[in-house]
Amino acid sequence: MSNSREAAGAEPEDEPALPINELFYSLQGEGRLAGTPSTFVRTSGCNLRCWFCDSYHTSWEPSGDWMGVEAIVGKVDERGADHVVLTGGEPLIHDASEVLLERLAERGYHTTVETNGTVVPDAPVDLASVSPKLESSTPTPERDPKGDGEWAERHEDRRIDLDTLSRICERYDHQLKFVVTGPDDMAEITDLLTRLRERVAVRDEDVLLMPEGATRERLDETRNAVAQLAMEYGFRYTPRLHVDLWNDAPGT
């Protein structure tokens, strides 16, 4: 694992630190813990570029301030929630994320790491919330929100690493959370699960289908179709509770 320089400025050298885009208290909006009061630590920087990314300012235009791990833990303590969600961007591209997870475990917090499944952490994690990226996430020239598809090849090459994905599933309690744009995604999902299950056990109940959409209006267009797909394939449907409650407001 290596530190990312895709976020704000250079990393301080005197202590482990992370580029923090947001640190806030809210409800977990997705997955098996949806509705759980949680403190969110959102790092900046990502090794992928999904065209529909709902945290644009951690990936396409990464922004944030470097914060030492001890200062982050102090801010988490102030929020008072038992659950902490480390998210991004892709938080595991930063070495200091492992230090943070160790410190949080020492203090008794339940930790969820939201990751794209391309980096294996070496730290205590209570729930690995893995969102493997499908072909429909690739920022082709027609879908690129910022340019003309300059990231498409890198994204496509990196988005699925079966060895890494299987190691995460072997090592941690996990959920596989697929962002679904429509029925055309299902063949890729079932093929990936077939290949993954040749290496590691993955239960249907740990496979979650989530509608693509960062606004209420977009979710209105996708949620019913994705719910039907979950019933058809026997997987779980997960809402985007934070979007339903607060639309696309930051800090939610």
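**A guided look at a predicted model**

Trainee: Which residues of helix H4 are buried?
Mentor: Happy to start there, and keep in mind that this is a predicted model. Helix H4 covers residues 162-171. Buried here means under 20% relative accessible area. Within H4, the buried residues are Leu-162, Thr-164, Leu-165, Ser-166, Ile-168 and Cys-169.

Trainee: What covers the buried residues of H4?
Mentor: Look for both strands and a helix around H4. The cover includes strand E6 (127-130), strand E7 (174-180) and helix H5 (186-197).

Trainee: At the start of H4, which backbone nitrogen does a side-chain oxygen of Asp-161 reach?
Mentor: Begin at the side chain of Asp-161. One of its oxygens comes to within 3.3 Å of a backbone nitrogen, that of Asp-163.

Trainee: Which residue stands opposite Trp-66 in E3?
Mentor: Strand E1 (residues 17-27) pairs with E3 in the antiparallel sense, over four bridges. Opposite Trp-66 stands Pro-19.

Trainee: Where is the peptide bond from Gly-88 to Gly-89 cis, and what is its omega near?
Mentor: Most peptide bonds are trans. Gly-89 lies in the loop between strand E4 (83-87) and helix H2 (96-106). The bond from Gly-88 to Gly-89 is cis, with omega near 15°.

Conventions: Residues numbered from 1 in each chain as written. Predicted model: local features only at pLDDT ≥ 70, side-chain atom pairs only at ≥ 80, totals over all residues. Heavy atoms only, no water. Buried < 20%, exposed > 50% of the residue type's maximum accessible area, 1.4 Å probe, protein only. Helix = DSSP H or I, 4+ residues; strand = E, 2+ residues; numbered from the N terminus. Contact = heavy atoms within 4.5 Å. Polar contact = N/O pair within 3.5 Å; in protein donor to acceptor, adjacent residues only side chain to side chain. Pairing = 2+ DSSP bridges.
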